[in-house]
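Welcome, and thank you for taking a look. Please keep the sequence and the 3D view side by side as you read.

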Amino acid sequence: NSPNPSPRPAIQPQTKATENFSGWSCPECSMINTSDDQSCNFCGQRSASALEAELESLRARAAVNNLRVSEVEADKQKNRRTVKKLQKEMEDMVANGRRKDRELIKAQRLIAEMKKREAAAKHEILVAKAQMSHLRAGVVVTHTNPHLPLYWDVGQNNNESSGATGTSSSSSSSSSSSPVDGSINISRLVKEEDLDRLKWIQTTLDETNHCGKTKWKLRGAERIENSVLYKSYSRRREEIAERHPANNSTIAPCEPPVPDCLACMGDIDVMDPSLNEVWLFHGTSKETAEIIARNGFDERVASLSGLYGGGIYMAEQICKSASYARGGTEKAVVICRATLGDAYFTDTQMNGTRRPPEKEGLVVGDKNEKVKGFLYDSIIANPGVGNGGAQVHREFVVFDRYQVYPQWIIYIGAP
């Protein structure tokens, strides 16, 4: 109870002054923490050891991430090299493909040229054989002096009955119609020259049956000998042969070629491949076939609503023509000798057409004057191309009756 108590000494902050003291002083609030907690019990500040430990952990994670980054970069470099290698291989493959395409095109051209030469060689052989036959008969045959086939009765006064066997085919009539005014004869007798042609007809029926649903059998055949129509056909063929060179035009070959069986028939019936002269089928009725035999085809009665206009339609496949033939169990089909000339290959419908399209790009003379009004000679619709790609069978259309000669009327039926 002293009136003047002595002052108490100031409390000094506790520090780790002794070696045995295990606490730690907070650098933020200078308070002494006696526990081993990682943060100050007074202000929450983390201890230096905790911060150092966390820093070391972050450094370790950074090192791991840097290692991963290095690995990713290495993978990227490896992928780049792989991509470059693949691109190089792809470029090599494309170059090899182009080289092979060029080799294939070259081979195709070579094959086409070989086929063309083979066809020309066959044609020369046929022409030579026909000329030998004509020379033995003492006649000279040219386009401008068309001689009737030697095996015809019409026009062969010195050989009217020679070659007749006196027997008829099992499927033909036993009588022969008499010539009309000495110019038309529909022969139903089978001559020695006709036996091979009848075999050719049956072989052609077998080889041109594209559909294969019905195996057509030859039931009968009539050979048409019409000197008026044949001479008109020969004159038109000569006109086609002359008009193209006069207008600086060439006749492109029929592509693809018609089957070999339709390119020729025998040694005397010589075809001219330079004019795309071929054998083709035309299906019809027996009555119409007989009218055609005497008067020829008539494009004027053809319907303009036809797929390719109002023309004379023919086919190289008997299954196509048989679908238009009529006659019950025996269908009538005309085997035509056709000069296609320079054909226009269409890929669309041509309804309402009365004539082939005009051929463009022709020039004549020193001044290269354009040729106007020069027409193709026929129209061809190839399978998979004509009718917008929907064409199934190839069709041949001519618009001039004199480009087609009806050589045979055949009667076919199922076996």
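What follows is a walk through some helices, loops, charged pairs and contacts of this chain.

The model is a predicted one, in which local features need pLDDT of at least 70, side-chain atom pairs count only at pLDDT 80 or more, and totals for chains, interfaces and linings use all residues. Residues are numbered from 1 along each chain as its sequence is written, and side-chain values use heavy atoms, with hydrogens and water left out.

Let us begin with helix α1, which covers residues 48–137. Helices here are DSSP runs of H or I with at least four residues, strands are runs of E with at least two, and both are numbered from the N terminus. Arg98 is part of α1, and this residue counts as exposed because its relative accessibility is 54%. Accessible areas themselves come from the Shrake-Rupley method with a 1.4 Å probe, and for residues only the protein chains shown count as cover.

Together with Arg99, Lys100 and Arg102, Arg98 forms a positive surface patch. Patches are made of residues with over 30% relative accessible area and no salt bridge, where like charges are joined within 9 Å and nonpolar side chains (Val, Leu, Ile, Met, Phe, Trp, Tyr) within 5 Å. The place of a charge is taken as NZ of Lys, CZ of Arg, CG of Asp or CD of Glu.

Next come the charged pairs. Side chains of opposite charge can pair when their charged atoms come close. A salt bridge is a side-chain nitrogen of Lys or Arg within 4 Å of a carboxyl oxygen of Asp or Glu, and a search of the whole structure finds 16 of them. One joins Glu113 and Arg117, at 3.3 Å from N to O. Why do Glu113 and Arg117 sit about one helical turn apart? They are four residues apart in helix α1, so about one helical turn separates them. Glu113 is partly exposed at 35% relative accessibility, whereas Arg117 is exposed at 59%.

Another salt bridge pairs Arg401 with Glu299, with 3.5 Å between the closest N and O atoms. Arg401 lies in the loop between β12 (395–398) and β13 (404–413) and Glu299 in the loop between α4 and β6 (312–315), so this pair ties together parts that are 102 residues apart in sequence. Glu299 is buried, with a relative accessible area of 17%. Asp298, Glu299, Arg300 and Arg401 are linked in a network of salt bridges.

Asp342 and Lys359 form a salt bridge too, their closest N and O atoms being 2.5 Å apart. This pair links distant parts of the chain, 17 residues apart: Asp342 is in the loop between β7 (331–339) and β8 (343–345), and Lys359 in the loop between β8 and β9 (363–364). Both Asp342 and Lys359 are buried.

Now turn to helix α4, residues 286–295, where Ala289, Ile292 and Ala293 are buried. Seen down the axis of α4, the buried residues fall within an arc of 100° and so line one face of the helix; the arc is that of the directions from the helix axis to the C-beta atoms. The face turned away from the buried side of α4 carries the exposed residues Glu287, Ile291 and Asn295. Just after α4, Gly296 takes a positive phi of about 80°.

The loop between α3 (227–246) and β5 (277–284) includes Pro256, and a cis peptide bond with omega of about -10° joins Glu255 to Pro256. Most residues other than glycine have a negative phi, and most peptide bonds are trans. Asn248, in that loop, has a positive phi of about 55° although it is not a glycine. Asn276 also lies in the loop between α3 and β5 and has a positive phi of about 55°; Asn276 is buried, with a relative accessible area of 8%.

Finally, look at two contacts between strands and other parts of the chain. Cys336, in strand β7, is buried at 0% relative accessible area, and its C-alpha atom is 4.5 Å from that of Pro406, 70 residues away along the chain. Ile312 lies in strand β6 and is buried at 4% relative accessibility. Ile312 and Glu299 are 13 residues apart in sequence, with 5.9 Å between their C-alpha atoms.

Notes: Lys, Arg positive; Asp, Glu negative; His and termini not counted. Buried < 20%, exposed > 50% of the residue type's maximum accessible area, 1.4 Å probe, protein only.
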